[in-house]
Each structure stands twice: as structure tokens, then as C-alpha cells.
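These are my notebook entries on one structure.

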Amino acid sequence: MSSPTTQTANTTTSPRWPKQLPYIIASEACERFSFYGMRNILTPFLMTALLLAVPEHLRAGEAKDVFHSFVIGVYFFPLLGGWLADRYLGKYNTILWLSIVYVIGHLFLALFETSKEGFYTGLFLIALGSGGIKPLVSAFMGDQFDQSNKVLAQKAFDIFYFTINFGSFFASLLMPLTLKHFGAAIAFGIPGGLMALATLFFWLGRKRYVHVAPEPKDPHSFLKVVKTALLSKQQGKADGGLYLALVGVALALFSLSQTPTLGFVAAFCLALVLLMGFGGAGAAIQLERARGVHPDIAVDGVRSVLRILILFALVTPFWSLFDQKASTWILQANEMSKPHWFEPAMMQALNPLLVMLLIPFNHIVLFPLLERCGVRITALRRMGAGIAFAGLSWIVIGSVQLAMDGGTVMSIVWQVLPYALLTFGEVLVSATGLEFAYSQAPAAMKGTITSFWQLSVTVGNLWVLLANNSIRSEAVLSHVAATGLSQTAFLMFFFAGFALLAAAIFALYARSYTMLDNYRAV
């Protein structure tokens, strides 16, 4: 038992920043330059080089499909990384080894700029490496905090997010010009060098980190509790949850059968979403059947996770809108007036620049002002508002598209306002979501729950692929024509409405959500 003196000291000592954070943050800055450096030139490279053999009227759609398929992979592989870290390798080892895979992927892009097979292999390796470490770096940083300094964690996650955008800003400015003046080999090679440097920075801090060992195999794990809930019989009660899960299985198999129409990536991800959605709903209906077989703490933990996943699902429309700034918005910028030296992909630099301005503005000015006005700024309120601001940004970008469709020559400067609205939404959703995912996750599922947060990005990009696929059907095309809108404008307003509806549902659901505190003890 602690003495009174010790207790007083513990309550009066100011929380201290973990000294190992600079290694993680420096590594993340280089890694984000690496990732966004190649990501932000991917669509222009596809349009002007790799896909030149595709008929011109189909090229933009093909480039969007490749881009969003890549992004889906990046945010799908966190499931693999989270599982490896939580069960076998630990976060540090998983990050280190997958970072090496990441570097090899960049090397493939630089070497195979004229080969689809080689280039797409590089994209796969980057998706595996980047996606695999994505949930773990933020979770690993969270491990460096405990109950004594957890009050600094949200600030650390904001600094972390600031650093991500610091790297992204310079990558977005420099890489489009590098691609134009020096070619693809150098433009894709530089990000590879930065990723190698990121791996070195991370390795240098190895002896200073707090290493949380993988949890031992748990007989009461999330999946085992779910399995028990679905398969257990209860006298006098129907197996409604099991039947609902089986409906999900049938729909997933049907989705896979549509691979020739949807493409493998879209069909597979849709099947996964259907399995998770219907299986999770079925487990929630029958969850009480797992009590007795599993301890109450395990059953209650599963219920908490299922409630978290509902919130994550409602965030997916935000990612549908956000990631299209690197595809749909760039394609629009190609048709706008601009200085001859300015590359449309350089508009991407606005996003990280605004993030670096908005994060301190929010904490120093906006949030304190709202608190003084009696508005309590919670994590869920931030996220709900962020989804709504994304919807507003697409109303603006859609209005710009309407003017262009009407024959008005629009300056690329008109994209500044939608970028500002979308970025404000990003700061409210993404930076907040990282800390929310970590704080709400049970100890044994830190990496896995953060992986589900990343998976929400995959699902968001899945909606884009499905919308792009649907717009090609004759029935949908005739409906769009009846509205008098172009296909591009129609999709822009569709996604705006999608996000605004999700924001409203998110706000309603968040009112009944009980926040958890799952930071480790000192």
C-alpha cells in the first residue's frame, strides 16, 4: 500500500512526456512523406504513362479503380498487422519487419515504371507494408503512455497527426514536379529512400521503448465469444441471431460470385463487410447466451467492441469523400484554368498545410471558445461534426462542377474552399479517431481495434468502387441523364448526401454511447 506521502506526490507531480516519442514521430514524418509522395502522383502517373493503352474515354475510370483498389488494400492489411502484433510478434517487431516489405515495394515502383505486372506488385507490397504497420504505429505510441501521463496522450496524437501532415505537405508539393521534370523512376525512388530512413529512425529507439508483450492465446477471445453466442442453443428461444449471420454468409457468397462484374477487390471487400455486419448483428442478438461459458468481463468486452464497430461503420462515408480528393478532385483540377507550371496534383499540398494550421487553431482558439460558450467538446461530437463538414465540402465541389458543365471556365482556386471544409472535417474525424480507437479498445485488442478503425477507410473506398461500377450501367445512366446532371456532378452530390445522412445517424447513436478508459496502469 502506498504511504500518504507517496499518494500526495503522485497527485501533484506534473505528467511527463515519454522521452522515446521523438523516434516514433521522426519515423512517422519520413514514412508519411514516403506514402503520400507516391500516393499523390499515382493518379497522374496512371493517366499519363502506365494506362496510355486504355482508350482515352475509359482511362479516368480505370485510373480511379486502380487508385481506390490500392487504398482499399492499404486499409485492409491493418487486420493482418494487428493480428500478428496482438498474437505473435508484438507491435515493435511487426512494424520493423513490415517496414522492410514497404521499402521493397517502393523499389519495385521505381524499377518497373513501364511494366503493369511489376508496378502493381510494388503497389501490393506497399499496401501490405504500409497497411500492416498503420494501426500499430499509433497503438505503439499509445503504449508509451500510462495512467500517470494519459492526459498528454490526446496532445501526442495531435502532434503525431501534425507530423503526418508535415511529411505529406512537402511530398504533395515536390513529387508532382519531380515526376514531371525527372521521370517516374526518381519520383517513386525518393519516397523509397524516405521509407528506408523511417525504418532506421524507428530501429534506433528500440532500447528506449515500452514494449507491451503480445497477449497469450485467450480461450475467451472476441471471436470465441461471438462463436459461442451464435452457436449456443437456448430452450424456448429462436436462433434469430444465427439465422441473421447465415444470411450474411449467403450474401457474402453471392458477392464473391459477382467478381467478374465488380472485380476481385470490390467483391472480396463487400463479402467481408457483409460477413462482419450480419455476423456482428447476429452475435449482438444472442450475446447473453455466452455467459456461463465465458466470464462476464469477456462477454461485456465483446458488447463494447460491437458498439465501437457501429461507430466505425458510420464513419465510412467520410472516407468515401476524403480519399477522392486524390482521384476525383485531381481529375476535376485537370480541366480547370491554372498557371502553366502548376500541376493539378500539387493542390493536394493544401490538405496537410491546412491540417498543420487547424490543429493548433482548434486547441488554442476554437475549442476553448466553444467551451466558454457552454459547448462541451467530446470526441464523438468532433467526429460527427467532421463527417458533416466533409458532406458540405462536396456540395461546394459539386457546385463548381455544375458551373464547369455549363461551360464556365473555373480557376483551380475555386477548389480552395472545398479543401478547407474537407480538411477541417478530417482534423475532427481522423486525429480524434486514432485516440478514440486506442482508448476504447480492451488491452488484448489494441492493435486489432485500431485495425478496425483503419478498415473503415477500406469500406469507404469500397463505396467509391461500387458507385463507380454502378454509374456504368444503362439503368443508372438513364436515371442520371433524367436529372440533367453530368455523371461527375451526380456522383459528387450523391456522396455529399451520403455523408450528411451518416453524420445525422452518427450524432443520434453517439448520444447513447458510454465512453471507456482502457489506458494501462502505471
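I started with a definition: a nonpolar core is a set of buried Ala, Val, Leu, Ile, Met, Phe, Trp, Tyr and Cys residues joined through side-chain atoms within 4.5 Å. Buried means under 20% relative accessible area, exposed means over 50%, and partly exposed is in between (1.4 Å probe, protein chains only). I noted that this is a predicted model, in which local features need pLDDT of at least 70 and side-chain atom pairs count only at pLDDT 80 or more, while totals for chains, interfaces and linings use all residues. Residues are numbered from 1 along each chain as its sequence is written, and side-chain values use heavy atoms, with hydrogens and water left out.

Entry 1, the core. I looked up the largest nonpolar core and found 144 residues; those touching the most other members are Phe70, Phe312, Val315, Ile387, Phe436, Trp453 and Phe506. Helix α13 (residues 296-322) gives this core its largest share, 15 residues. Helices here are DSSP runs of H or I with at least four residues, strands are runs of E with at least two, and both are numbered from the N terminus. I then took Phe70 and listed its contacts (heavy atoms within 4.5 Å). Leaving aside neighbours within four places in sequence, Phe70 is in contact with Phe35, Met38, Leu42, Leu123, Ile126 and Ala127. Another core, of eight residues, lies apart from the largest one and has Cys269, Leu270, Leu274 and Leu466 among them.

Which residues of helix α9 (residues 222-231) are buried? I found Phe222, Val225, Val226, Thr228, Ala229 and Leu230. Their cover includes α10 (240-257), α12 (264-285) and α13.

I found Asp323 in the loop between α13 and α14 (328-334). Asp323 counts as buried because its relative accessible area is 2%. Not counting residues up to four places away in sequence, Asp323 touches Arg39, Phe67, His68, Val71, Val457 and Asn461. Thr423 belongs to helix α17, and at a relative accessible area of 0% Thr423 is buried. With residues up to four places away in sequence not counted, Thr423 touches Asn351, Leu354, Val355 and Leu358.

Is Thr408 buried or partly exposed? Its relative accessibility is 43%, so Thr408 counts as partly exposed. Thr408 is placed in the loop between α16 (379-405) and α17 (416-440). I checked Thr408 against Ala184: they are 224 residues apart along the chain, and their C-alpha atoms are separated by 34 Å. Pro55 is in the loop between α3 (42-50) and α4 (56-76) and is partly exposed, with a relative accessible area of 40%. From Pro55 to Trp83 I noted 28 residues in sequence and 42 Å in space, C-alpha to C-alpha.

I counted 20 helices and zero strands in the protein chain. Buried residues make up 54% of the 522 residues. The C-alpha atoms fill a box of roughly 75 × 60 × 50 Å along the principal axes. Of the contacts with a separation of 6 or more, 83% are between residues 24 or more positions apart.
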